[in-house]
Amino acid sequence: MMDKTAIVILNWNGSKMLRQYLPSVIDCSGDAAVIVADNASTDDSIELLERDFPSVRRIQLEKNWGFADGYNKALQQVEADYYVLLNSDVEVTPQWLETLVVFMDAHPEVAACQPKLRSVFRRECFEYAGACGGFIDRLGYPFCRGRLFDTVEEDRGQYDEPMSVLWATGACLLIRRDDYWKAGGLDGRFFAHNEEIDLCWRLRTMGRLVYCLPQSVVYHVGGGTLPKNNPMKTFLNFRNNLTMLYKNLPEEELKPVMRLRWWLDYLAAFQTLVLNRNWGDCKAIFRARKAFKQWLPQFKADRERIQQQRTVPVVPERMRISLVWQYYAKRKKHFSDIV
């Protein structure tokens with residue numbers, strides 16, 4: 001019998017997070033199936049699940065496929081109408097899941113949604129990874145209701161209206177199974193970072209909607225696998241963001257946007273070296289630009305397919321602003337300031 005909703009937690013050496021946050025998922029998720037897909041952990045994650053959480057189904061993957069392909073491999077083994085991609089470092093609250101599912105049942109035009117994300121460490125504030133729903137600017141820089149670049153706002157209820165967004169965070173993403181596979185799933189080549197934005201952007205160009213529902217609240221640790229100032233994280237973010245732009249931008253915008261990003265990326269590298277004295281991140285940006293150029297040919301067919309499937313010429317949630325200009329030049333630090 002197929003489950004209506006399956007919560008799938010992708011785990012890699014996260015036994016500490018599972019021990020701390022899995023009980024809230026079990027207690028607050030009603031009759032949804034709870035599944036941990038393990039990316040070939042080398043810690044005691046499997047032993048912990050067997051001993052302390054015998055009701056939780058386990059999927060053991062043969063190697064670490066990363067976030068993107070790890071979920072693809074795991075979800076191929078899950079039968080449910082709704083998938084919930086949930087990070088192991090998320091503390092959920094009562095009715096978090098019911099709120100999302102009731103909304104999705106009533107709105108078949110919506111492919112995916114997310115709750116409001118608050119920080120585990122500053123519980124009155126939004127959390128960086130998804131806050132209250134995600135957007136990108138015209139040059140591909142992601143931001144959220146409640147978070148612009150590194151500025152995270154306090155949650156005072158200012159974004160409590162349900163809203164159509166461009167992307168829902170991979171930290172807690174509910175998506176219809178049919179939409180997930182029709183769009184092609186997460187791009188496994190990304191390994192991690194920007195993969196959920198890429199998926200949601202594809203869905204939006206196909207005419208499907210993505211929502212944030214702030215009446216559902218979860219708390220996220222964030223940065224559990226790769227800390228924020230890790231050069232590998234910088235590399236993946238820059239390489240994958242450029243690839244996402246190449247795949248999804250309308251034809252008339254592709255060259256102009258890519259030219260501007262060339263200048264801005266090298267400006268970012270200069271800033272990390274001169275202003276922040278961070279040689280690791282500077283080198284990571286150069287490596288990302290090189291890696292993007294090297295693997296670009298393998299995405300040509302993806303781009304052609306995405307453009308052929310396009311039913312929405314202009315995606316409104318891709319805002320026609322420059323976030324760099326608004327944030328650094330005009331000193332606008334809050335989402336409400338730029339909308």
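1. Strands here are DSSP runs of E with at least two residues, helices are runs of H or I with at least four, and both are numbered from the N terminus. The model is predicted, with local features needing pLDDT of at least 70 and side-chain atom pairs counted only at pLDDT 80 or more, while totals for chains, interfaces and linings use all residues. Residues are numbered from 1 along each chain as its sequence is written, and side-chain values use heavy atoms, with hydrogens and water left out.

2. Strand 2 and strand 3 (residues 57–60) pair in the parallel sense over 4 bridges; two strands count as paired if DSSP finds at least two bridges between them. Strand 2, helix 2 and strand 3 form a right-handed β-α-β unit. Right-handed means that, with the strands pointing away from the viewer, the path from the first strand over the helix to the second runs clockwise.

3. Strand 2 is mostly covered, with 6 of its 6 residues buried. Buried stands for under 20% relative accessible area, exposed for over 50%, and partly exposed for what lies in between (1.4 Å probe, protein chains only). One side of the strand carries Ala33, Ile35 and Ala37, the other Val34, Val36 and Asp38, and all of these are buried.

4. Strand 1 pairs with strand 2 (residues 33–38) in the parallel sense over 6 bridges. Within that pairing, Ala6 stands opposite Ala33, and Ile9 stands opposite Val36.

5. Asp3 has Ala80 as its bridge partner in strand 4. Because 7 of the 9 residues of strand 1 (residues 3–11) are buried, the strand is largely enclosed by the rest of the structure.

6. Strand 6 (residues 110–119) has 10 of its 10 residues buried, so the rest of the structure largely encloses it. Its pairing with strand 13 (residues 209–220) is parallel and spans 9 bridges, with Gln114 opposite Cys212. The pairing of strand 6 with strand 12 (residues 172–176) is antiparallel and has 2 bridges. There, Ala112 stands opposite Ile175.

7. Helix 6 (residues 195–205) is largely enclosed by the rest of the structure, because 11 of its 11 residues are buried. The buried residues include the charged-type side chains Glu195, Glu196, Asp198, Arg202 and Arg204. Just after helix 6, Gly207 takes a positive phi of about 90°.

8. Two further backbone angles deserve a check. Most residues other than glycine have a negative phi, and most peptide bonds are trans. Ala40 has a positive phi near 60°; the residue sits in the loop between strand 2 and helix 2 (45–52). With a relative accessible area of 24%, Ala40 is partly exposed. His193 has a positive phi near 85° and is found in the loop between helix 5 (177–182) and helix 6.

9. Asn72 belongs to helix 3 (residues 66–75) and counts as buried at 6% relative accessibility. A polar atom of the Asn72 side chain lies 2.7 Å from the backbone oxygen of Leu186. The C-alpha atoms of Asn72 and Asp187 are 8.6 Å apart, although 115 residues separate the two along the chain.

10. The second largest pocket holds about 170 Å³ of space. A pocket is an open set of points on a 1 Å grid over the protein atoms alone, where a 1.4 Å probe fits, with protein on both sides within 12 Å along at least five of seven lines; lining residues have an atom within 4 Å of a point. The volume is the space filled by probe spheres set on the points, which are joined across faces, edges and corners.

11. The lining of this second largest pocket consists of Tyr246, Leu254, Lys255, Met258, Trp262, Tyr266, Arg289, Phe292, Lys293 and Leu296. Helix 8 (251–274) and helix 9 (279–295) are the elements that give two or more residues to the lining. Helix 8 gives the most, with 5 residues. By class the lining has 7 nonpolar, no polar and 3 charged residues; Ala, Val, Leu, Ile, Met, Phe, Trp, Tyr, Cys and Pro count as nonpolar, Asp, Glu, Lys and Arg as charged, and the others, Gly among them, as polar.

Conventions:
Polar contact = N/O pair within 3.5 Å; in protein donor to acceptor, adjacent residues only side chain to side chain.
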